[in-house]
Amino acid sequence: MSRALNRRTFLAASGGATFAAAAAVSPTAQAAPDVTLRAAAVDDPTEATIAEALTMLRAGTLSATELVQTHLDRINRFDDTYQAFNTVTADSALTKASEVDARGDVRRALSGIPLCIKDNYWTAGVRTTANSRIFADFVPDTDATAVSRLTAAGGIVLGKGQMGPLATTRATTPAGVVTTVNAWTPEDVTVDPGGSSTGPATSVAGRLATSSIGTQTGGSITEPSRRQNLTGLKPTMGRTSIHGIIPLSFTRDHSGPLARDAMDAAIVLSVLAGPDPLDPRTLGLPKVPDLVTAATPVYGARGVELRRATRIGVPGDFFTDLTPEVAAARQSFLDRVTAVPGVTLVDVTYPTDWELLTGAFNAIRLSERTEPFRHWLRQDLSLFGVSSLSWLQGLLLSGDEWITGQRAKTWLLQELFSGLFTQCDVVLQTSPVPFDILGLPEIAFPIGEAPAYDGGPLAPVGVILGGQPYEEDRLLQVAAAHQAVSDFHLRRPADPAPARLLSSAALQLDAATVARTAQ
């Protein structure tokens with residue numbers, strides 16, 4: 001399918017309608033090939049990637065029960081500190097694992113793999129709270145499409161990941177008291193772990209789950225991933241279903257994986273992706289590409305090569321307002337990736353009025369989030385806790401402002417396709433928001449480490465790469481090539497000290513801060 005056709009399809013879908021008939025066909029999940037095992041993964045299965053765990057399961061050197069139990073053991077030991085989960089489903093997870101072992105069913109894409117599910121995905125018979133007072137007692141009777149696809153592929157749900165209240169900020173209590181910490185700096189609650197998919201990120205970084213899924217409306221997959229040394233992939237709007245997810249913004253909500261490396265992200269996305277009759281945004285789209293192959297590095301005569309030649313756009317602000325350590329990490333990344341045959345770095349400029357266009361459209365997310373919640377807003381504003389001001393802002397946004405934002409989106413898409421993307425194939429980003437606004441795909445992956453703040457502890461440094469519609473495979477190719485020539489994605493944080501106890505002195509976000517920074 002030509003890029004021109006991809007763009008036409010994307011523009012039609014992003015307008016909110018698709019007229020193509022689509023059968024209710026489950027996507028074909030792609031299992032990873034057997035991989036060479038690292039000693040760390042053999043010694044401790046919680047160190048393993050999905051691909052490594054599947055290799056051991058197929059070889060019979062590891063059982064699904066052992067894999068699940070080792071993760072549950074770490075949850076028991078360390079989650080009082082991390083607070084990555086708000087619900088742990090240990091009994092059902094062990095039951096599912098024993099079923100995998102009894103059947104010898106290790107050939108599915110996620111057979112026996114322990115997963116963390118963000119707590120805004122419906123899970124049948126398990127509380128789905130979105131960390132809010134509104135849904136505190138909500139127990140769905142069905143799974144979200146994403147969850148049902150993961151379990152159909154053999155994935156095992158360990159529990160629900162803690163998140164920002166109603167997906168608006170980093171994970172806190174509904175009143176704003178910080179809960180989940182960055183797995184790399186658990187002793188310092190001020191270090192931002194990224195949100196709102198905080199728990200799913202911390203669970204994978206802290207080796208409490210092999211992989212996880214989150215949602216993104218304003219950076220909630222890519223930000224936690226780049227802050228916690230993960231590979232997070234936010235697909236193109238419509239590539240994955242949001243049916244059965246408590247909404248934040250219908251035109252900007254995305255679902256996707258927070259994984260340990262490009263291959264794991266590809267495996268999970270291949271399970272999630274594809275048409276879902278219950279989500280019309282997913283219908284009539286280009287075929288899902290071979291994501292696992294895309295995430296497999298290519299080796300030629302000169303070492304690692306890019307699977308297809310790619311121009312990486314470097315915007316003028318890529319080195320703006322950075323500490324020396326972060327700037328050095330970014331420069332080192334550019335040096336490494338430039339050395340990969342097939343990569344060309346290109347200096348690019350943003351479209352005219354970039355800040356105005358992205359700012360104008362970004363504001364309309366506030367009115368979109370109030371639409372499904374008007375009943376509760378009228379009933380009791382205190383139900384929205386620390387994020388109440390941002391919900392009020394949505395109620396006060398006028399219709400003409402919303403229309404202006406929609407016009408800004410359409411114009412910005414046109415400017416990108418006729419300008420920026422004539423200069424490059426993918427672009428490095430300093431913020432995930434513009435591509436969230438437009439529904440374009442993004443991938444975050446680790447490139448180094450630096451002090452979290454002046455004089456603070458070391459924390460991961462990641463980068464975000466944005467792509468064109470339905471080109472998740474190209475993003476994975478770049479990330480996989482970089483990971484083949486670096487080892488940041490293989491690094492894990494040290495185990496935390498004994499449990500941190502929350503107190504009245506704990507970090508607490510106020511409503512004004514949340515209103516300024518909310519997704």
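Student: How many nonpolar, polar and charged residues are in the lining of the largest cavity?
Tutor: This is a predicted model. Ala, Val and Leu count as nonpolar, Asp and Arg as charged, and Gly as polar. By those classes, the lining of the largest cavity has 5 nonpolar, 6 polar and 2 charged residues.

Student: Which residues lie nearest the centre of the largest cavity?
Tutor: The volume of the largest cavity is about 60 Å³. Its lining numbers 13 residues. Nearest the centre of the largest cavity lie Ala-167, Thr-215, Thr-217, Leu-248 and Asp-253.

Student: How many charged residues are in the lining of the second largest cavity?
Tutor: The second largest cavity holds about 50 Å³ of space. Arg counts as charged. The lining includes Arg-260, Arg-491 and Arg-492. Beside 5 nonpolar and 2 polar residues, the charged count is 3.

Student: How many cavities of 30 Å³ or more does the count give?
Tutor: Rolling a probe the size of a water molecule over the atoms shows where empty space is left. With the cut-off at 30 Å³ or more, the number of cavities is 4.

Student: Is Cys-116 buried or exposed?
Tutor: Buried means under 20% relative accessible area. Cys-116 has 0% relative accessibility, so Cys-116 counts as buried.

Technical notes
Residues numbered from 1 in each chain as written. Predicted model: local features only at pLDDT ≥ 70, side-chain atom pairs only at ≥ 80, totals over all residues. Heavy atoms only, no water. 1 Å grid on protein atoms, 1.4 Å probe; cavity = no way out; pocket = protein on both sides within 12 Å on 5 of 7 lines; lining within 4 Å. Points joined across faces, edges and corners; volume = space filled by probe spheres on them. Buried < 20%, exposed > 50% of the residue type's maximum accessible area, 1.4 Å probe, protein only.
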